[in-house]
2 protein chains.
Amino acid sequence: MSITVVGSVAFDAVKTPFGARERMLGGAATHFALAASFFDQIQVVGRVGPDFGDEELAVLATRGTDVADVERVPDGRTFFWAGEYGWDLNSRETLDTQLGVFEDFRPRLSAASRACDVLFLANIQPELQADVLEQCREPKFVAMDSMNLWIDIAREALVDVIGRVDCVIFNDAELRQLTEKPSIVAAAREVLAMGPSVVVAKQGEYGSALLTDGQYFAIPAYPLERVVDPTGAGDTFAGGFMGYLARHLDHNELSEPVLRQAMAYGTALASYNVEEFGTERMERLTAAEVDARVEELQRITQFEHVAVLQTS
Amino acid sequence: MSITVVGSVAFDAVKTPFGARERMLGGAATHFALAASFFDQIQVVGRVGPDFGDEELAVLATRGTDVADVERVPDGRTFFWAGEYGWDLNSRETLDTQLGVFEDFRPRLSAASRACDVLFLANIQPELQADVLEQCREPKFVAMDSMNLWIDIAREALVDVIGRVDCVIFNDAELRQLTEKPSIVAAAREVLAMGPSVVVAKQGEYGSALLTDGQYFAIPAYPLERVVDPTGAGDTFAGGFMGYLARHLDHNELSEPVLRQAMAYGTALASYNVEEFGTERMERLTAAEVDARVEELQRITQFEHVAVLQTS
């Protein structure tokens, strides 16, 4: 199996109540790769400028990730995002966005990237997501992210892409905005009707929910004493979720138990990501730590059911 | 075992995207009693005006609840609250609050109410909560709710009451406001240090978390296609949680498994409460329905853990 991710590779400036970084490695594809690389061979498809150094490229290549499809153009600057988080880290303000060389990003996948079994379309223009879909040969499982901007200005193209993927990984606000349904259950039902067989609703500090035809699963976020930087949590979650699925695609055909375990791995990885700034924690994270946190997640969510009322 | 609840009995006017009610039975003690009455003998301590009729009293007495301590004063009006919920039911605006006879509420507990094993101090002035604590003989388990107003204007008295109860049942915003800690884990730790052995963090549509010394448990809300009226969900949760605990106090001394099951019962009952306006759904709810939803909650939260990374 191999996994291809198409999306932003960026520099972020982030300020949170616990500190700040002026310029650190970020971007959706970066966070995805640092998580998914625990499970499988990853190819990153992206575009950076001459300010993107060998050091950053080495971090992106952590755990064997193939960065050959990260195009380094000679002019311009790498995508730059600056944001500041509020006191409880649940709100954030974008202070600056400079698309740089990402503005002209037209993903061109190498043979290796096209031959992937699993494909993640991180948040980029729906038209580009559709273009990537056409380049890929026969991926067994495709998931996508998006954002409020595309729901606003490119709704038709977005719905078209949704109709061609297996799974959408959106946050609650995006699901509500897209469907105009206040209930996440109702919103997910509408998205499933557009084509996908799996909807993942990301819920920030509260965890996430998995909705398929007739099944529902919810998992809380791992409880942390201190969240230092939430940037990239959603893409890290997606990386863990899809990495786990890639490992199990051959045997199980996405059985409900495997999807749930994938949710747990995504949750565990995301919780490590937010413990430090940017990619700092994920760079040195170990497989044993990931497994241990999934075990802990199981411990904090299980309860015995005794039907006390009927039997009394 | 018997459970005493002290708090508001009220009329509510509520508007939600799914309809409106001009005047329906409400109040914290009402919602608590309608849930806790599935488990045990409940005594309600409250105060209403002459506008509170026998019909409302009969609803309050559902499943055998003792309403002898609901003082009916001849003059004035019953506490009235009016509010309107936003599109996704996660925000609400208070349109009117008329304390009426509740303004002079000085709880005086009968012998039966004083002799309770379990006591719930619903959201009232901390000084009154302290007064009730002094009246009760030897409750085995006491929990309390509060609100942002008392954190603002009666913080010292509130912290004093917190120091004398076994459990606080607050929402996330109240825990953060009280402790000035952004992390719920850190906030709960600080509240535990004030005296209680259990902190329950209510998280609205996302469920709730249970924090004790060294243990953490989280349970999602039951997924609903349609939430009609969230009013009273928190008190219904508290009623189910404490009702379940009352049933098991003798045997288990609040073991972690029993606390977790209590969280599941609270969650199940709260989910029924929000399906219809006010007390409408809870009045005709059956024990079999409650048990069935707890079973369903278990189904939607369980996953197998296979340590895939370490063993590969």
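A residue is called buried under 20% relative accessible area, exposed over 50% and partly exposed in between, with a 1.4 Å probe and protein chains only. By that definition, 61% of the 312 residues of chain A are buried. This is a predicted model, in which local features need pLDDT of at least 70 and side-chain atom pairs count only at pLDDT 80 or more, while totals for chains, interfaces and linings use all residues. Residues are numbered from 1 along each chain as its sequence is written, and chains are lettered from A in the order in which they are written.

The C-alpha trace of chain A spans about 75 × 40 × 35 Å along its principal axes. Among contacts (heavy atoms within 4.5 Å) between residues at least 6 apart in sequence, 65% in chain A join residues at least 24 apart.

Let us turn to chain B. Strand 2 of chain B, residues 10–16, has six of its seven residues buried. Strands pair if DSSP finds at least two bridges between them. Strand 2 of chain B pairs antiparallel with strand 3 of chain B, residues 19–26, over six bridges, and a hairpin of two residues joins them. Within this pairing, Phe11(B) has Leu25(B) as its bridge partner. Strand 2 of chain B also runs parallel to strand 6 of chain B, residues 80–85, through five bridges; there, Lys15(B) is partnered by Glu84(B).

Conventions:
Heavy atoms only, no water. Helix = DSSP H or I, 4+ residues; strand = E, 2+ residues; numbered from the N terminus.
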